[in-house]
Amino acid sequence: MSNWIPLWLHRLSSPPTFYRFAGTLQPWAMTLALLLGAVALYGGLVLAPADYQQGDAYRIIFIHVPSAWMGMFIYAVMGVAGFIALVWRIKLAEVVAMQSAPIGAAFTFITLVTGSLWGKPMWGTWWTWDARLTSELVLLFLFLGVIGLYHAFEDRRQGARAAAFLAIVGVINVPIVHFSVNWWNTLHQGSTVNVFGKSTMSWDMLWPLLTMTLATKCYYAASLFRRVRTDLLDLEGGKDWVRQIAESEADR
Amino acid sequence: MTAASTTVPLLQARALSFHRQDEPVFAPLDFQLHAGELALVEGDNGSGKTTLLRMLAGLLHRGGGELLWRGEALQRDQCAGQILFLGHQLGLKADLSPRENLRIAAGLHGTREGLGMASVLADVGLRGYEDEPVRRLSAGQKKRAALARLVLLPATLWLLDEPYANLDRIGIALVNHLLEKHTAAGGAAMVTSHGTVSFHGGEPRRIRMHG
Amino acid sequence: MAEHPGVATACAAMLRRDLTLAWRRRGDIAMPVLYALIVTMLFPFALGPEDTLLQRIAGGVILVTVLLAMLLALDAMFSSDIEDGSLEQLVLAPQPLALLLGMKILAHWITTALPLIVIAPLMAAMLHLPGAVIPVLLLALLLATPLLSLLGAVLVALTAGTRRSGMLLALMLLPLCVPAVIFAAGAVAAAQQGLPWLAPIAWLAASLALAVVLAPLACAAALRIALDA
């Protein structure tokens with residue numbers, strides 16, 4: 001009675017089912033992402049009041065903070081999918097893990113760029129060896145390592161398994177890196193200004209931030225669905241269901 | 001010990017298959033191998049003979065189907081050390097002598113009772129080459145050094161991929177002799193080969209592979 | 001059924017094998033050492049021979065140089081064993097693969113990292129590091145280098161199935177070795193400033209303890225993935 005969830009998941013993990021499922025959801029996710037993003041930008045850039053200390057420059061956090069959260073969130077998704085791929089050898093999990101990596105890398109890159117844009121007026125420099133920035137840089141390298149390892153193999157499924165393994169090693173390592181960088185940072189220089197004390201943030205600033213977080217989640221879903229669909233068609237090239245799709249596309 | 005005396009087969013495969021990039025490498029296989037038996041794995045190039053042996057050795061993951069070891073599902077630690085694999089790469093360190101190579105293998109696997117390294121090396125025709133680095137041996141001699149490892153180690157099942165390659169007429173006779181001795185002592189072996197093999201210890205079981 | 005040799009015998013055989021192989025090619029052992037010396041020599045040329053400046057950067061330079069020298073040697077950890085099929089034989093051995101690989105890593109550490117630690121005082125002298133700091137530097141290296149060997153082994157095992165892995169290895173190792181570098185360099189810097197240096201050393205030791213347990217297991221799992229092709 002209670003096993004309909006695993007059953008449903010099992011059915012969903014078959015490539016043709018997921019292809020259709022993702023195809024149905026993808027436009028909705030993309031529409032939602034655009035709508036929420038537009039609302040959040042309007043709320044953040046126009047409605048929210050200027051900060052009494054930082055003026056208008058702080059408004060970059062409406063991009064910066066959701067991207068930073070997405071970077072970590074996507075790494076977690078990649079780790080979990082990678083674990084599933086390694087333990088149960090589910091092809092869909094491999095594809096999800098590997099197609100998440102470039103999106104995660106992009107979000108982490110956006111975080112770094114917006115962070116340094118913001119650092120210029122705040123700290124007077126593009127880059128500072130702040131603990132959070134450095135951890136973010138390490139996260140970017142982890143993403144790039146996973147992508148690089150995946151593409152280094154000739155057998156793509158073997159590459160996906162090896163890269164998933166690396167992602168899991170990274171999951172263990174990220175907290176250690178964060179801790180060590182924090183330790184190192186306090187040794188070398190005083191702790192930098194803590195801007196993201198959430199309790200001090202007013203509702204006017206908070207709601208666009210949360211809306212943008214939702215928008216990035218939807219964008220990730222839409223982008224992932226699209227990438228996974230393409231990759232499934234490529235991986236399953238010789239199968240009947242792909243041939244049927246190709247024929248129905250040709251008929252149109 | 002003959003095949004008839006043991007009812008439970010040493011190794012049994014049911015609908016065994018393997019996929020690479022979603023393409024089946026060979027058609028589903030059913031076979032059984034009893035202690036004291038020899039099986040010839042036959043098939044054309046690319047029919048998946050090497051893949052089969054590597055999968056049986058546990059180097060490749062199990063594809064579809066079932067694999068039983070002494071009647072129970074085959075697990076890695078259950079048959080550890082009882083299966084030996086000899087592939088295209090012989091697993092000999094070129095900088096070490098045959099004797100040193102054997103010593104390492106014996107350190108990991110132990111040795112068969114009553115066998116010494118010197119006598120085993122002499123049996124495979126490497127007398128006088130015991131302490132020469134493997135690098136300086138001919139291809140056939142290297143093969144013989146690898147065969148010596150099979151003889152020395154206490155294992156039940158031999159998986160031999162093209163054991164006749166690089167061997168002269170005497171070498172081929174040597175392989176056949178070793179296989180006969182191994183099966184007579186209650187061991188079993190699976191051998192892949194393109195050519196026909198003359199085997200004196202009765203008719204070997206044949207496993208035909210189709211790509 | 002024959003009894004297989006105990007774990008101790010197997011470990012001894014493994015260690016002996018790798019040390020013998022390294023000894024047969026002892027010229028290779030000198031390479032990382034020469035590399036480290038040359039890199040260290042380049043710093044005074046690039047920065048000028050001022051004592052104070054060299055002293056300040058000495059600890060960090062030595063650590064990073066040792067790390068890079070080890071990175072150069074890492075690539076070869078499993079390549080020859082994969083080429084000649086020895087690794088397949090190891091996988092089929094009755095002992096746990098993780099244990100045998102642990103021995104391989106130990107042998108690799110002895111042949112590549114230990115010589116670097118031995119010449120570390122010489123590198124320290126080239127950069128005018130105060131003599132009082134050298135014991136801390138050696139302690140930090142003794143704890144950090146095995147950590148790098150263990151982490152590196154996991155990554156080398158992962159790249160073992162690929163065509164070329166040199167640059168990829170560096171890209172993958174960088175995020176993983178950040179903590180080791182930070183704590184080791186932190187200990188040396190603290191000792192140089194007369195501050196207590198025990199805390200970073202203790203963190204290094206804790207990470208090493210964790211890695212000694214986990215890395216061989218991860219390495220075995222990674223190699224099984226690499227062989228499974």
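This is a predicted model: local features need pLDDT of at least 70, side-chain atom pairs count only at pLDDT 80 or more; totals for chains, interfaces and linings use all residues.
Me: Which kind of secondary structure element makes up chain A?
Reply: The count for chain A includes zero strands. Read from the N terminus, its elements run α-α-α-α-α-α-α-α.

Me: Among contacts in chain A between residues at least 6 apart in sequence, what percentage join residues at least 24 apart?
Reply: The C-alpha trace of chain A spans about 60 × 40 × 40 Å along its principal axes. Of the contacts between residues at least 6 apart in sequence, those joining residues at least 24 apart come to 78%.

Me: Which element of chain C gives the largest share of the side that touches chain B?
Reply: In this pairing, 25 residues of chain C are in contact with 26 residues of chain B. Two elements of chain C give two or more residues to that side, helix 5 (86-91) and helix 1 (7-24). The largest share, eight residues, comes from helix 1 of chain C.

Me: How do the residues of the contact of helix 1 of chain C with helix 6 of chain C divide?
Reply: The axes of these helices of chain C come within 9 Å and cross at roughly 35°, and the crossing is right-handed. Met14(C) and Leu15(C) are among the residues helix 1 brings, while helix 6 brings residues including Met103(C) and Ile110(C). The contact divides into two charged, one polar and 13 nonpolar residues.

Key. Residues are numbered from 1 along each chain as its sequence is written. Chains are lettered from A and ligands numbered from 1 in the order in which they are written. Two residues are in contact if their C-beta atoms, placed from the backbone, lie within 7 Å. Helices (H or I, at least four residues) and strands (E, at least two) are DSSP runs, numbered from the N terminus. Axes are lines fitted to C-alpha atoms, for helices over the stretch in contact, and angles run from 0 to 180 degrees between N-to-C directions. A crossing is left-handed if the near helix is turned anticlockwise from the far one by less than a right angle, and right-handed if clockwise. Ala, Val, Leu, Ile, Met, Phe, Trp, Tyr, Cys and Pro count as nonpolar, Asp, Glu, Lys and Arg as charged, and the others, Gly among them, as polar.
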